[in-house]
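Have a look at the structure first, then we'll go through the interface.

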2 protein chains.
Amino acid sequence: MKKLINDPQSVVAESVEGFGAAHADLVQVHADPLFITRRDAPVQGKVGLVSGGGSGHEPLHAGFVGRGMLDAAVPGAVFTSPTPDQIIPATLAVDGGAGVLHIVKNYTGDVLNFETAAEMAQAEGVDIRSVLVNDDVAVEDSLYTAGRRGVGGTVLVERIAGAAAERGDSLDAVAEIAQRVNDNVRSMGVALSACTVPHAGVPSFDLTDEEIEIGIGIHGEPGRHRIAMENADGITDRLLEPILADLGASASDRVLLFVNGMGGTPASELYIVYRRARQVLEDRGLAVERSLVGNYITALEMQGASISLLKLDDDMVELWDSPVWTPALRWGV
Amino acid sequence: MKKLINDPQSVVAESVEGFGAAHADLVQVHADPLFITRRDAPVQGKVGLVSGGGSGHEPLHAGFVGRGMLDAAVPGAVFTSPTPDQIIPATLAVDGGAGVLHIVKNYTGDVLNFETAAEMAQAEGVDIRSVLVNDDVAVEDSLYTAGRRGVGGTVLVERIAGAAAERGDSLDAVAEIAQRVNDNVRSMGVALSACTVPHAGVPSFDLTDEEIEIGIGIHGEPGRHRIAMENADGITDRLLEPILADLGASASDRVLLFVNGMGGTPASELYIVYRRARQVLEDRGLAVERSLVGNYITALEMQGASISLLKLDDDMVELWDSPVWTPALRWGV
C-alpha cells in the first residue's frame, strides 16, 4: 500500500488538521469530538445544515462547509459512519435558533447514528429535520444499505438546500427543497480500479486489467455487473441510460449535469464523459442548463466516474446560482 | 490501459470540447488550430497572458483561463508542446493593444515553439515579452530540458501576473512581476505511481510496490532518486528541505505554501502533506501567509504530490488576493 499517510489510525485526524489550517479563513475544526463548522457558526436566525459520513469521499463533506452550503460536517473513520457523540455537538454548534437540517446519505450506519443524534439534539431543544439522500439507481439494496445508496446527488442537495438556508428559508422550507432535489436527482458510477482503505491495506476488490465495474458504490461495494473495458462514450451511455429511464426525463426538461470523478481519474477524462453525456441529453431534447465537473464525492484513489442528473425548476436554478463560498465549491459574489 | 477515453488520437480535442461546453460562461474554444481564450477576449487596453504546453497536466493551463489569470491557453498533444501555428493565433486573439506576455515552462519544445511564435506575432505588430518558469529544484537538467524544469511555480506565476495584468499594469510591469515570482518560487515532487500516456498505452516508468521516486517530473521523467516507501511526514521533509536550501528561506520570511496533487492522489493525503510542511515551516519561523492545496498541475493519473514554496512580498500578496475567476481557481468578488 503506497499512500501519503503516516499511520492508518491518524489519517482522518491529520488530514482534517491540515484542512483546517489551509482553510482557516472559512472553517473551524473542533478536535474532540471531531467535527468542522463554518468559521462564523452559529449564524443567528439561519437554519443550520449538518452532514457527515465516513471519510474517504473528500471534498465531501468538509470541503462544502461555508457560506451557501453546509454549516457543519462530521467525518467518521474512513468509510465508517461518524458517531452520535460527534453529530450531537456539531448540531448544537450550528443551531442559530432556526433549527437544523441533517442531510444523511442512505447507509445503515449513517442513518442510525444521525437518528440517534437527532433525538438527543431535539431533547436539548433544537428543532431538527432530516433528509435521506438515495439517488443511486445502480442497485436497489446494497452491502451497507436498505434501499438505494446516497451518492453524487448529495452534493447537489447540500448546495441547493444550503442556498435556501442562506436565503432565510424556514426549516420546513429548507427540508422541503432538500427532499425535492433528492426526488429529482439520479446517479450511477463506474470503477476502472479499486481503492485501498488504509486500515485494510489491500484493495477493496479485484478488477482485472480488462474489466470495469458498472454501478460501483462509493466504498467500492458491488454495482450491477462487470464488463470488459469499453470506450468512454460506451461507458457514458451505460451510466446515463438507467438514470434517464429511472428519472423519467423527457424532451424539454431542464437538467443539471454533474460528472464526478472518483478520486484517481484525471480531469481530462471527466470532460470526455461530460462531452458525451451532454450530446446524448441534447439529442433527446433536454436542456443542459447547469453543469458541474470534477472530484466532488470520491472513493479515495479509485479511478472512475459517476454521472448525476437533476431535473431543475426555476427555484432550484436560482438557488444553484446564488453565492457559495466553501473550500471546494465557489461562485457568486 | 484503462482510461475514460475513446481514441488516443482524439483525447485532447474531445476533452477540450467537453471543457468548453461545461464552462461556456467563462471560456471560448477555438477548434482549428486548437486554443482556448477568455470569453471576453481580447480585453481592450489590458496586457494579454498566454500560456500553454503539453496536455495531461489539467487543470493547467486551460482551467486557468479567465478573469485575473490567463487570457489564452494553448494545449499540445499529451506531454507534447503546442505548435507555433496554435500559439500565434492565440496570441493575436488576446492582444488588446497593450501587448502579450508568454508564460513558458522550461521544456525544450515549449521554449522553441513559443520563441518562434513570439517572433511571428511581433512581426504582426504585437508587443511580446516572455517569462520562462524553471522552479523545480530536483534536477539541474532533465530529459526534456536544458536547465531546471517548470512545474508548480507556473500556477503561481500565472495567477499573480494575471492579477497584475487585470490591475492594468504595463507589459513591462507584468513581465517583471512574473519574473519575480519565478525567481522566488521553488518546487519538488514525488511519484508513488507512474502514469500512462494514451498513445503509449503502457506506464511511462516502472515503480515496484515498495518504491517511490523523489524529484519526479510532471511527465514521469526521472527525479533525484528512488527510495523505499516512507510515511507522509518523511516524504514531505525530503521535498521541503531541498526547496528551503535552494530558496534561501530564513526566519521571518513570509511564504505561500502550495501542495499540489499529481492527479491520482486523494485530497485527504494532500492535506496530510500540507500539515507537515506547514509545521516544518512554522518551526523555522516562517510565516505561512497564503496556501493552496489541490490538483492544479498534474501528470495524468499519477499518484504523488509536489510542494511549491513562494517567498511573498506585499505586492504579491495583494495580487494573490485580488479576484480570480476561472474554471479551476476562484475567489474574490
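A salt bridge here means a side-chain nitrogen of Lys or Arg within 4 Å of a carboxyl oxygen of Asp or Glu. By that rule, the count between domain 1 of chain A and domain 2 of chain A is six salt bridges. Keep in mind that this is a predicted model, where local features need pLDDT of at least 70 and side-chain atom pairs count only at pLDDT 80 or more, while totals for chains, interfaces and linings use all residues. Side-chain values use heavy atoms, without hydrogens or water, and residues are numbered from 1 along each chain as its sequence is written.

**Layout**
- Chain A splits into domain 1 (10–183) and domain 2 (185–324 + 327–331), with bounds from an automatic or database domain assignment.
- Taken over C-alpha atoms, the centres of the two domains of chain A are 22 Å apart.

**Interface size**
- The contact (heavy atoms within 4.5 Å) takes 47 residues from domain 1 of chain A and 45 residues from domain 2 of chain A.
- The two domains bury about 3,700 Å² between them, 66% of it on carbon and sulfur atoms; that's the accessible area (1.4 Å probe) lost on putting the two parts together, summed over both.

**Charged pair**
- Glu221(A) forms a salt bridge with Arg149(A), and their closest N and O atoms sit 3.9 Å apart.

**Domain 1 side**
- H4(A) gives the largest share of the side of domain 1 of chain A that touches domain 2 of chain A, eight residues; helices are DSSP runs (H or I, at least four residues), numbered from the N terminus.

Note on methods:
Chains are lettered from A and ligands numbered from 1 in the order in which they are written. Helices (H or I, at least four residues) and strands (E, at least two) are DSSP runs, numbered from the N terminus.
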